[in-house]
Amino acid sequence: LKMLRSALLIYRLAPSNARFLSSSSKPFGFVYDERMLAHDCPYDSTMAEKPERMKLIYERLVQEKQLEKAVNIPARPATDEELALNHSLELVKELDELKTNEQCEEYCKDKEILWLGPRSMEAARVAAGGSIELVKANVEGRIGNGFAIVRPPGHHAYGKTPQGYCVFNNVAVAAKYAVEKLGLEKVAIVDFDIHPANGTLPSIQDDSRFHLTSFHAYHHGAFWPWEKEYDYDTKKEQLFFPLNGAMNTEVDYLSAFHHVLLPVLREWKPDMILISAGFDAGYCDVMLDMGQSVKAHGYGHMARQLAEIAPGRTIAFLEGGYFPHNYVESAHMMVKGLQNEPLPSVEYPALVQGPLRETILNSIHHHAAHWSCMQQKLQSVQQQQRRLGLADYTPSPRLFIGHGVRDYWEKVKEMRAVRTREWFPPLDAATTQASIEKIDAVKKAYDYSKPCPTPDESALLEQLVWDEKARADSYIKSAPASLCMYNEFYDFLAGKIPNMMICDMKIMAEKVGKKL
């Protein structure tokens, strides 16, 4: 009787958490509905975001028997009212009215990296509705952790703006449904797609019920969307890891988790964690050596560590990832992490790569004003610097080299001169085969025999030593990708290349009636 009274007291004092007390023992849940396969580009076969992405992932999870004991949560189309939690009804009406291939392509001529087909709206409603149903099943105690295998993806879309392959922001709609309709008080979103959460940020940035973390390519502003607000110096409820260098590995990401993300989430105490699970930062995805280098099992470890913050309350949503051999293996490993199954071991580096080390230190320094855990971490960092005879860490002046690109893209959209096809050329056969072989070699080297303990605090601190060698490493490793992306825009303006993603000189010339 005494134990029962204690349990009732806990529920009364913390209703938003009490409903989850036993959720970690609930079965895994997932959403998969083949109506989402109908979202297919009718006018460009080169589109990387294609129906096979979700189908191949689902088939791999079935093959690995990861869904045998899981609960398949039926998807349904989201209602207008549900979509209006995050999007304008004007957008919903516009999309509902698109019936032909020609109408769909014409609609995209003032959008950024967006394609649509006649059945895209049906698929987008099912993706958003399925995401809501998965979160609802978790809150109601029918499932624990889960995976929404949905498309079109969502994390770039917001308000009246569909973009970046995204129509409705599935994770933002689900998060808002959780707080508005299901009574949750605090929902954290963690986005590890290589592109920034530039739809999720404007969706939730002024609402303290949400916390957003985004790991994304930045390259000192030379990467899409070429905006300063995706640097590290965010508001309290946002935690950004702008990646200025290419080829950060899974253990670099995991080190950032331990230094910053996990302590902040522990202090914030979310009721639920939603993962925007894009796998395009994965090893050998289509950006190759201009991208990142997160091997598949790294996604498993990241998912597991988040699930330890919110046991039984962590749900992933499919976002990007465009090389099948990468994203299928990555999704498989991420689900293993969410299901608390054994994972191949990882070995943490003695030092984090220079550019990411600088980003981590910048985040600690900036967020020390917001979080007590970061204040304590900064004190430890500075004490280590002094013990080694080094100066206290101070962030360098911010560097932004994306000036002009955003303005140019806005001009292209205003003129309805967007190039709607063939943005990214497919990998050639030789590169494809080489990438497959590299990923297979990683899979062959998986080691399940070693334990994978978290490094102790002293070993983690040693990763962050900031001296002249670290500064040089940061500069040298951030330069190649940043300059490559910077030069692409100016080569386009100089006429050295005919197009740059949505920008095309010929289309622009036709619009203005003369050669630019």
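Q: How far apart are the closest N and O atoms of K413 and E112?
A: K413 and E112 form a salt bridge, meaning a side-chain nitrogen of Lys or Arg within 4 Å of a carboxyl oxygen of Asp or Glu. This is a predicted model, in which local features need pLDDT of at least 70, side-chain atom pairs count only at pLDDT 80 or more, and totals for chains, interfaces and linings use all residues. Residues are numbered from 1 along each chain as its sequence is written, and side-chain values use heavy atoms, with hydrogens and water left out. For K413 and E112, the closest N and O atoms are separated by 2.9 Å.

Q: Is E112 buried or exposed?
A: Buried means under 20% relative accessible area, exposed over 50%, and partly exposed in between, computed with a 1.4 Å probe on protein chains only. The relative accessible area of E112 is 3%, so this residue counts as buried.

Q: How many residues apart are K377 and E457?
A: K377 forms a salt bridge with E457, their closest N and O atoms lying 2.9 Å apart. K377 belongs to helix 14 (residues 372-387) and E457 to helix 17, where helices (H or I, at least four residues) are DSSP runs numbered from the N terminus. The pair thus links distant parts of the chain, at a separation of 80 residues.

Key
Helices (H or I, at least four residues) and strands (E, at least two) are DSSP runs, numbered from the N terminus.
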